[in-house]
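Notebook open, structure loaded. I'm jotting down what I looked up, one entry at a time.

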There are 2 protein chains.
Amino acid sequence: MKTIAIIGTGTVGQTFASKLITLGYEVIMGTRNVSDKLASTVKDKYGNPPFSQWFAANKRVKIGTFAEAATSGEIIINASEGTNSINALTLADAKNLSGKIIIDVANPLDFSRGMPPCLVPELSNTNSLGEEIQKTFPDAYVVKTLNTMWCGLMINPNMIGGGDHTNYICGNDANAKATVIALMNEFGWRNENILDLGDITAARGMEAILPIWLRIWSTTQNGAFNFKIVS
Amino acid sequence: MKTIAIIGTGTVGQTFASKLITLGYEVIMGTRNVSDKLASTVKDKYGNPPFSQWFAANKRVKIGTFAEAATSGEIIINASEGTNSINALTLADAKNLSGKIIIDVANPLDFSRGMPPCLVPELSNTNSLGEEIQKTFPDAYVVKTLNTMWCGLMINPNMIGGGDHTNYICGNDANAKATVIALMNEFGWRNENILDLGDITAARGMEAILPIWLRIWSTTQNGAFNFKIVS
């Protein structure tokens, strides 16, 4: 049975963990400090319940440090906050990521300048978080995907429009992308709705969708939407 | 009969001009130097024929300086290159724009760093071309729309998917947006496919679609596509 490590314990990480367990995977979530995380009773900045509450209800999920998770995981999902991803993966340790696929679903949102967040300037326009992770961990296979939608849709595309909407994927390694696509097929994504945009530099465009995504969400008050390419 | 001024003589401007003539509008296109523009036999940077060739075949379209066009136009369409828009509109002269609607369909693409273009750093992320135009010409009513697609679709949405795909609009003035929506209805846009994202700051997200647009275009080699919101 394949073990998948999830870096980050927020809503996105929880959503992947729950889904992967139902699909029969072993899941270990990585966090900075396990005892602090389990002891915390603080809601996250979106008002979601503390991690410990979710964790108590999802007993098959394991938790460890970033490094313990990365060591156990055969595939790594980066579901950490974009501003913290390089740091979290550095704590996971490059040697534990070497030769492994990192599925990067994070976005470099910068909340420091007020709401709505903008993108982190040095991780946008002529760079991206996906590229930065690949540059920082050259021995890992970074695959960017699923970052352009609400996490509920990432693992359940059939929730809307019969699943007929577009998910992008990019990365430098074709085999890594094929492995990730197979996993997404298990989530319900059909191949005709997955568009391979080439190498990891496509992450620039994929992450740049966030500003319009956030604006649509604030306008419609509905996050359960995605974009479909019409041609 | 209403006169519409088009700032910029490139493919986007030509596309609007031809369509508006068929709809019965008077059209005047603005350029920096009329005699230079009409004398030029140089193809544009996309390989399109020189303006003079198109102009000779579209005899009902008038041409003038930026200021002459803005003076005559009751509505102004900014179809200039994004890096040149503030300059072109400054030459059009604020007093000729005052109290008028500027439909901004341009994008601040920066070709100076190689292909594909990125966005102009100072006109992206925490700013946008749409906002910059509104700040520079506070007495005009800037409405950003149609910038997220190929110009052929801007004026003919029914070319694909029965016209059922999404066009965004934003701007600070509700009446100005209503006027622009009525014009887009004449192009074939149905109201249910036009999403009002609020004030002009939504231009940030709308212009940030360009990086993914360009990447999809280079991947599929087809520019006749648009995005539809599925929910």
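I started with helix α3 (residues 51–57) of chain B, where B:F51 and B:W54 sit three residues apart, about one turn of the helix. Helices here are DSSP runs of H or I with at least four residues, strands are runs of E with at least two, and both are numbered from the N terminus. B:F51 counts as buried at 6% relative accessibility, and B:W54 is buried too, at 15%. For the cut-offs, buried is under 20% relative accessible area, exposed is over 50% and partly exposed is in between, with a 1.4 Å probe and protein chains only.

Housekeeping before I go on: this is a predicted model, where local features need pLDDT of at least 70 and side-chain atom pairs count only at pLDDT 80 or more, while totals for chains, interfaces and linings use all residues. Residues are numbered from 1 along each chain as its sequence is written, chains are lettered from A and ligands numbered from 1 in the order in which they are written, and side-chain values use heavy atoms, with hydrogens and water left out.

Next, the rings. I searched the whole structure and got 14 aromatic pairs over all chains. Rings of Phe, Tyr and Trp (its six-membered ring) pair if their centres lie within 6.5 Å; planes under 30 degrees apart are stacked, over 60 edge-to-face, and the rest tilted. A:F51 and A:W54 make a tilted pair, 5.6 Å centre to centre with 40° between the planes. Both A:F51 and A:W54 are buried. In chain B, the rings of B:F51 and B:W54 have centres 5.6 Å apart and planes at 40°, so I noted that pair as tilted. I also found A:W213, A:W217, A:F225 and A:F227 linked into a cluster by ring pairs.

How are the two copies related? I superposed chain B on chain A with a rotation of 180° and 0.0 Å of shift along its axis, RMSD 0.0 Å. The copies are thus related as by a two-fold rotation axis. In chain B, B:K228 has the C-alpha nearest the axis, 2.5 Å from it.

Then the sheet in chain A. It is open, has eight strands in the order β3-β2-β1-β4-β5-β8-β9-β10, and its pairing is mixed. Strands pair if DSSP finds at least two bridges between them. β3 (62–65) and β10 (194–196) of chain A stand at the edges with a single partner strand each, so one side of each has no neighbour in the sheet. Inside the sheet, β5 (residues 101–104) and β8 (residues 141–145) of chain A run parallel and are joined by four bridges. A:I102 stands opposite A:V142 in β8(A).

I found a cis peptide bond between A:M115 and A:P116, omega about -10°, and one between B:M115 and B:P116, omega about -5°. A:P116 lies in the loop between β6 (109–110) and β7 (118–119) of chain A.

Which way does phi go at A:L146? Positive, about 65°, although A:L146 is not a glycine. A:L146 is in the loop between β8 and α8 (151–154) of chain A and counts as buried at 2% relative accessibility. A:N125 has a positive phi as well, near 65°, but counts as partly exposed at 21%.

Notes: Copies are superposed by least squares on the C-alpha atoms of residues with pLDDT of at least 70 in both.
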